[in-house]
Each structure stands twice: as structure tokens, then as C-alpha cells.
Amino acid sequence: MATRETHGLYGYLAEFREPWDLIDAAAKVRDAGYTRWDCHTPFPLHGLDRAMGIRGTRLPWLVLCGGLAGLTLALVMQWWMNAHDYPFLISGKPLFGLPAAVPVTFELTVLLSALTTFFGMWGLNLLPQHHHPLFGSERFRRATSDRFFISIEARDPLFQGERTREFLAGLGADAVEPVED
Amino acid sequence: MRHFLHAWLLNWLFFLSLSLGALWFVPLQHLTRSTWSAVVRRLAEIVSGTLPLMALLSLPVLLNLGDIYVWADPARVAGDPLLEHKAGWLNPGFFTLRIAFYFAVWILLATIFRRRSLRQDATGDPAITAGSERLGGPALILYGLTQTFAAFDLLMSLDAHWFSTMFGVYWFAGIVASFFAVMTLLTAGLQRSGRLLHAVTLEHYNDYGRAMFAFIFFWAYIAFSQYMLIWYANIPEETGWYLRRQQNGWSAVGYLLIFCHWLLPFAGLMSRFTKRRVRLMAFWAVWILVMHWVDLFWLIMPELSPGGIPLQLMDAALLVGMGGLYAAMLAWVAGPRLLVARRDPRLRASLNFENY
């Protein structure tokens with residue numbers, strides 16, 4: 001009964017016909033306590049984030065760190081180059097003048113923030129992935145066209161084979177099928 | 001008397017900034033076909049309706065130009081080659097004519113957009129929105145030119161020797177930041193008195209917060225760009241203006257602006273946490289308005305008193321007095337009419353607006 005099926009099985013895929021059915025079902029999966037599951041829709045669904053109980057992203061904190069790193073790097077670099085390693089007097093200005101250093105500092109702060117945003121987004125989403133077990137499902141192809149899906153992974157601690165299948169079927173899914181890893 | 005006139009100019013320009021911010025906001029929302037703002041656009045239309053009062057309050061300045069502007073004092077123009085050279089543009093007659101022209105354009109634009117919006121309340125005709133969208137572009141071009149030239153005339157010509165082509169944008173940055181602060185306070189105040197409770201949501205406050213955050217930084221960006229070019233070039237007729245603001249205690253005001261007009265609100269408004277809490281937003285809105293006043297103080301008062309900071313009770317008295325007039329004008333313009341453009345075609349989407 002409570003045997004966990006792990007070998008060979010990726011998880012279960014449930015298909016829904018209507019977006020509101022998906023949102024209702026997602027809220028129930030969330031309340032059941034599953035953690036390794038996802039929703040797949042052909043277009044962004046307003047309210048799905050809340051129904052899935054997705055918490056806020058950590059990306060802003062990464063970006064803040066990236067920005068501060070750019071700021072520090074730029075100031076140290078300019079001080080080291082022009083005032084320390086090779087002191088060079090330009091039109092009577094101080095060797096390290098803050099106003100002259102601001103443009104480069106600003107640009108490097110923005111640059112490292114932007115790069116952290118871009119690569120941080122890929123990293124947090126575990127991208128790039130060249131293949132995904134769900135691509136093996138014939139049914140799943142309609143996720144980019146006119147069907148809505150919930151997948152629960154077998155490695156979820158609450159995953160219980162047949163029971164999970166029945167749970168998904170009870171959410172009003174049109175079809176539930178196992179997906180091989 | 002000279003202090004009174006400078007204090008009048010300062011407080012008048014402070015409230016004029018708020019009205020001009022609204023005059024910028026309304027055509028922009030039409031031009032960009034903005035959805036989020038449809039529910040609060042009427043409030044901006046009301047704020048821009050205060051411009052006739054601001055035109056009236058310009059009289060003490062226009063009638064005493066010689067006590068405020070160096071170029072309007074014949075004794076100081078005589079023998080000064082630069083001022084004599086600029087007299088073709090900077091003379092009392094032409095100056096007054098220009099100010100009258102700016103106000104004519106502003107009042108006309110504010111009236112056109114507000115009238116159209118009110119007419120839609122009655123008829124519900126979506127063609128009115130389409131027409132306002134077409135008017136938005138030309139209106140913003142007119143606004144940009146008149147606002148920039150007004151900044152040159154009213155503020156920059158206080159020191160008629162000095163010039164900075166960026167100066168109009170500098171005032172504009174302060175205008176927009178403080179305009180969104182006013183919108184925040186106006187919305188929060190109306191909601192406290194039980195109005196717009198279901199119309200305006202945290203999503204709209206979030207957007208006010210974003211705009212304040214963005215324009216606080218834009219202000220600093222422009223302020224620094226203006227400073228750095230002059231610092232680097234180091235030409236006497238340009239540096240004199242900054243030198244006056246770095247001596248005799250004035251540098252304290254400059255540092256106050258760097259930390260309190262930029263760094264603190266920049267850090268304070270950065271997080272989404274702040275932008276979705278009305279009390280915190282109201283706090284930063286008041287903060288930004290105070291700093292906009294300090295900014296204008298720093299632009300105007302060193303020309304009156306380069307020897308030290310001349311704070312007097314009448315500065316505050318004028319602020320309170322004009323604030324009272326301004327609030328009365330707002331209430332009068334708003335009248336018994338709707339606070340929301342009820343039949344705007346984008347209203348429904350705006351009510352349900354969410355940030356993702």
C-alpha cells in the first residue's frame with residue numbers, strides 16, 4: 001500500500017480541459033501538501049501562482065548582491081589603476097576623484113545587476129534543460145495548444161503510487177496517466 | 001521684502017511643480033494607452049485643474065521682477081557685458097509675456113483633457129478616449145518645451161550668468177517624483193475618508209511607488225550629470241553657481257539633498273514590501289515632498305543670501321498659506337463630480353489590475 005514507486009516512474013500527469021478547473025485542482029494539490037509538482041498551461045494564467053502557493057522569488061537578493069559587487073569592483077578598480085598602481089595626473093584633478101569615478105561605477109553596478117538577473121533567472125529555474133520526461137507523453141503536446149496539466153513527481157515525499165493517481169482523478173481531471181522517466 | 005519675494009517664489013514653484021506633474025501625467029497615460037492608471041487619472045486631472053490659481057499667484061513675482069532677478073535690475077545690467085548681451089531675451093516685458101504664454105498653454109491643455117474626460121462620464125462615448133490618445137503626443141511636446149523654458153526663466157535666470165542646458169530636466173525630475181508623492185497622499189487620504197476604497201488597490205500603490213523610486217533615481221542621475229560636466233570642465237562662469245552652494249554653510253544643504261533626496265528614499269522605496277504598505281508609502285511621499293521643497297530652497301535661496309542659510313518663519317508661513325489655498329482649489333475643482341472616470345473604456349481592466 002504505502003510502497004513508494006521510484007524506479008522508472010517520473011510521476012503522474014493529469015489533463016484538464018478548462019483553465020478554471022486547473023486553478024481549482026492546483027489549490028487542492030497545494031493543500032494536500034505536495035511539494036514536487038508543477039502546472040503546465042499554454043498561456044499565463046492569472047491567479048495560478050496563488051493557487052499553487054508559490055512563494056516570492058529570491059532573485060532580488062541575488063541582484064542586490066550582484067549590484068553591490070559591481071559597485072565595489074568599479075571603485076577599487078579605478079582607485080587601483082589611476083591612484084595606486086600607476087598614478088597619473090589628469091588636468092589637475094585628484095588622482096582618485098569621486099565625481100570622475102561615478103559613471104564607471106554606475107555602469108558596472110547596472111551591468112552586474114543585469115547579468116545576475118539574467119543568469120540568476122536561468123539558474124533558479126534550473127535552465128537550460130535539453131530534455132524533460134514529460135516530453136515523452138503524447139498527451140502533453142497539447143500543453144502548448146489547448147490543454148492544461150498538473151504533474152506530480154514520484155520523488156515527492158507524499159507520492160503514493162495508485163493513491164496519488166486516484167487523488168488526481170478525483171480533482172476532476174479528464175485523464176491521468178503515468179509518465180516514465 | 002526681498003526675502004519675502006524669494007520665499008514666495010520658492011513656495012509658488014513648489015505648488016506649481018505638483019500641478020505641472022499632473023499636467024504631464026494625464027496626456028502621458030492617454031498616449032501610452034495605460035490601463036493601470038485609468039482608475040486614478042481623474043485625481044491627476046483635478047490636480048492639473050489648479051493651474052489657474054498658480055497663474056494668479058505668479059503676480060507678486062511678475063510685479064517685482066527687479067527685486068528677484070539680477071537681469072531685471074537696470075543698475076546691475078549696466079556695464080555687465082553678459083547681462084547686456086542677454087537683455088534681448090531677459091527683459092521684464094518679454095519675460096512676463098513668456099510666463100503668460102506658458103500658463104495659457106498649460107491651462108488650455110489641462111482644461112481640454114479634463115473636459116473630455118468629464119464629457120465621457122456623461123456620454124460614455126469611447127471615441128473620446130481615442131481622441132485623447134491622439135492629442136497626447138502633441139500635448140506632451142508642448143508640455144516639454146514650455147516646462148523646460150519655464151525652468152530656464154523662473155529658476156535658472158536667478159543667476160543670469162550661469163547656464164546649464166540640463167536644467168529643465170532637473171526640475172522635471174523633481175516635479176514627477178513629488179507629483180507621484182501627492183497622488184499617493186491624495187489617494188490614501190481619500191481612502192481614509194471612505195472613498196475609492198474598492199477602486200484603488202495595493203497594485204496601484206505599487207505603481208506609485210515604482211514611479212517615485214524611478215524618478216528619485218532619475219533626479220539624482222540628472223543632478224549628478226549636471227554637476228560632473230561642470231566639475232570636470234572647470235570653467236569659471238559655470239562653476240560659480242556651484243561654488244556659491246559649497247560655501248558659508250550651503251554645502252550642508254547639498255549633502256542633505258544627496259542623502260535625503262536620493263540615497264535614503266532610494267533604499268527605502270526599493271523593496272516591493274514598502275510599495276504595498278500604504279502607511280510606509282505615505283511616509284516616503286511626505287519625505288519626498290519635504291525634500292523637493294529643500295531642493296527648490298537650494299536652487300533659489302543662495303542667490304538671495306550667498307553668505308548663509310536664511311531660514312525665516314515666513315518661509316513656513318507661506319508654505320502653509322499657499323498649501324491652504326491649493327487644497328481649497330483642489331476641492332473646488334473636484335466639486336461634487338465623480339472621483340473616477342466612470343465610463344472610461346479601460347476602467348474595468350484598471351480595477352482588476354494586478355502586477356506580475
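In strand β4(A), P178(A) is the bridge partner of Y12(A). The model is a predicted one, in which local features need pLDDT of at least 70 and side-chain atom pairs count only at pLDDT 80 or more, whereas totals for chains, interfaces and linings use all residues. Residues are numbered from 1 along each chain as its sequence is written, and chains are lettered from A and ligands numbered from 1 in the order in which they are written.

Strand β1 (residues 9-16) of chain A runs antiparallel to β4(A) and is joined to it by 6 bridges; strands (E, at least two residues) and helices (H or I, at least four) are DSSP runs numbered from the N terminus, and two strands pair if DSSP finds at least two bridges between them. Both strands belong to an open sheet of 4 strands in chain A, ordered β2-β3-β1-β4 with antiparallel pairing. The edge strands, each pairing on one side only, are β2 (37-40) and β4 (175-180) of chain A. On average, with direction ignored, neighbouring strands of this sheet are turned by 20 degrees against each other, where axes are lines fitted to C-alpha atoms, for helices over the stretch in contact, and angles run from 0 to 180 degrees between N-to-C directions.

Helix α1 (residues 19-32) of chain A packs on the sheet and touches β1, β2 and β3 (148-153) of chain A, its direction making about 20 degrees with that of β3(A); residues are in contact if their C-beta atoms, placed from the backbone, lie within 7 Å. Helix α5 (residues 161-169) of chain A lies across β1, β3 and β4 of chain A and runs at about 15 degrees to β1(A).

Chain B, by its own assignment, has 17 helices and 0 strands. Along its principal axes, the C-alpha trace of chain B spans about 65 × 40 × 40 Å. Within this chain, helix α1 (residues 2-31) of chain B and helix α8 (residues 92-123) of chain B pack at an angle of about 45 degrees, with their axes 10 Å apart. In the contact between these helices, L23(B), V26(B) and P27(B) in α1(B) meet W106(B), L109(B), A110(B) and F113(B) in α8(B). By class, this contact has 7 nonpolar, no polar and no charged residues, where Ala, Val, Leu, Ile, Met, Phe, Trp, Tyr, Cys and Pro count as nonpolar, Asp, Glu, Lys and Arg as charged, and the others, Gly among them, as polar.

Technical notes:
Two residues are in contact if their C-beta atoms, placed from the backbone, lie within 7 Å.
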